[in-house]
Amino acid sequence: MAQIFLLEDDPILGKAIQLQLELENYEVRWSQSLAEARRSFADSSRSDLYLLDVNLPDGDGFTFSRWLRSEGVLTPIIFLTARTDEESVVQGFENGANDYIRKPFGHREVLARIKNQLSDKKPSLDLIRYAGLTLIKNQQVLKSGDTFIPLNRREFEILMVFFSQPETIVSRERLISAFSSGEEIFDRTVDSHISHIRTRLTKHGINNIKIISVYGQGYRLEKTV
């Protein structure tokens, strides 16, 4: 039985989501605040998926998502939010989201997106290598030496394209077409993910590759050494 970690401060909505998920045979751990979520995470085994509200009484879901990723959690994260502007969507993915559901939503949509994320798990270890780096598909991480760098789904999908077509110009349209189903994608969303990938590479001291912007055409992955 898969376990869903639900962070939702609205007691009526939270209870409704919990009941619907339990009817589908999911185990649900429900927290109603950022502080409670952190305590629950520390006291229990890790969940199979995190379903996070953005607006909370003592913070926001972005903070919790960022904290989860810093703790090495690679589990899928889906945001639930009434925020519909592009900036909030981009912020969600920059903070580790795998998917983003806008309120109001139907329970069937939530279930479909959860099943989609959980079905992404593969039992085999699938690898793709370039310039001494390794993408591990079923763990959604980039490996450099003994360092494992967690990526959100979009970052991973972008690097998959680059590693498959190194030293080749890749358009934004090509990157968007490689994205698995989910939220509406904007050119600026792609640019934001690219920027975040560059930041991750710099943070972890990876300087043997770089993503180059090609004006009017897209991006290209190149070796630097």
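Modeller: Begin with a definition. A salt bridge is a side-chain nitrogen of Lys or Arg within 4 Å of a carboxyl oxygen of Asp or Glu. The general idea is that side chains of opposite charge can pair when their charged atoms come close. Remember that this is a predicted model. Here, E87 and R188 form a salt bridge through their side chains, at 3.0 Å from N to O.

Biologist: How many salt bridges does a search of the whole structure find?

Modeller: The search gives ten. Another case pairs the side chains of D99 and R113, with 2.9 Å from N to O. D99 belongs to strand β7 and R113 to helix α5, so this pair ties together parts 14 residues apart in sequence.

Biologist: Now the domains. Into which domains is the chain divided?

Modeller: Domain 1 covers 3–118, and domain 2 covers 127–223. Their centres, taken over C-alpha atoms, are 25 Å apart. Domain 1 brings 16 residues to the contact, and domain 2 brings 16 residues.

Biologist: What area is buried between domain 1 and domain 2?

Modeller: About 1,500 Å² is buried there, and carbon and sulfur atoms give 50% of that area. On the domain 1 side, the residues that lose the most area to domain 2 are L74, E86 and F93. Together they make up 37% of what that side buries.

Biologist: How many salt bridges and polar contacts cross the interface of domain 1 and domain 2?

Modeller: The rule finds one salt bridge across the interface. It also finds two residue pairs in polar contact, both at pLDDT 80 or more.

Biologist: Which elements each supply at least two residues to the side of domain 1 that touches domain 2?

Modeller: They are α4 (86–94), β7 (99–102) and α5 (107–119). Helix α4 gives the most, with six residues. Sort the residues of that side by kind, and you get six nonpolar, four polar and six charged.

Biologist: Next, a single residue. Where is H196 found?

Modeller: H196 sits in helix α8, residues 187–203. To read a residue's surroundings, set aside its neighbours within four places in sequence. H196 is then in contact with E94 and E155. The side chains of H196 and E155 are joined by a polar contact of 2.4 Å.

Biologist: Let me try another. Which residues does A131 touch, not counting those up to four places away in sequence?

Modeller: A131 touches N208, I209 and K223. A131 itself lies in the loop between β8 (127–130) and β9. Now take N95, which is 36 residues from A131 along the chain. The C-alpha atoms of A131 and N95 are separated by 27 Å.

Biologist: Last, the strands. How do strands β9 and β10 run?

Modeller: To read a pair of strands, look for bridges and for direction. Strand β9 (residues 133–136) and strand β10 (residues 141–144) run antiparallel, joined by four bridges. Within this pair, L135 stands opposite L142 in β10.

Biologist: And which residue is the bridge partner of K143 in β11?

Modeller: The partner is F148. Strand β11 covers residues 147–150 and pairs with β10 in the antiparallel sense, over four bridges.

Biologist: How many residues lie between β10 and β11 in their hairpin?

Modeller: Two residues lie between them. Look at G145 in the turn, where phi is positive, about 65 degrees.

Definitions and conventions
Residues are numbered from 1 along each chain as its sequence is written. This is a predicted model: local features need pLDDT of at least 70, side-chain atom pairs count only at pLDDT 80 or more; totals for chains, interfaces and linings use all residues. Side-chain values use heavy atoms; hydrogens and water are left out. Two strands pair if DSSP finds at least two bridges between them. Domain bounds come from an automatic or database domain assignment. Contact means heavy atoms within 4.5 Å. Buried area is the accessible area (1.4 Å probe) that two parts lose on being put together, summed over both. A polar contact is a pair of N or O atoms within 3.5 Å; within protein, one must be able to donate a hydrogen and the other to accept it, and residues adjacent in sequence count only if both atoms are side-chain atoms. Ala, Val, Leu, Ile, Met, Phe, Trp, Tyr, Cys and Pro count as nonpolar, Asp, Glu, Lys and Arg as charged, and the others, Gly among them, as polar.
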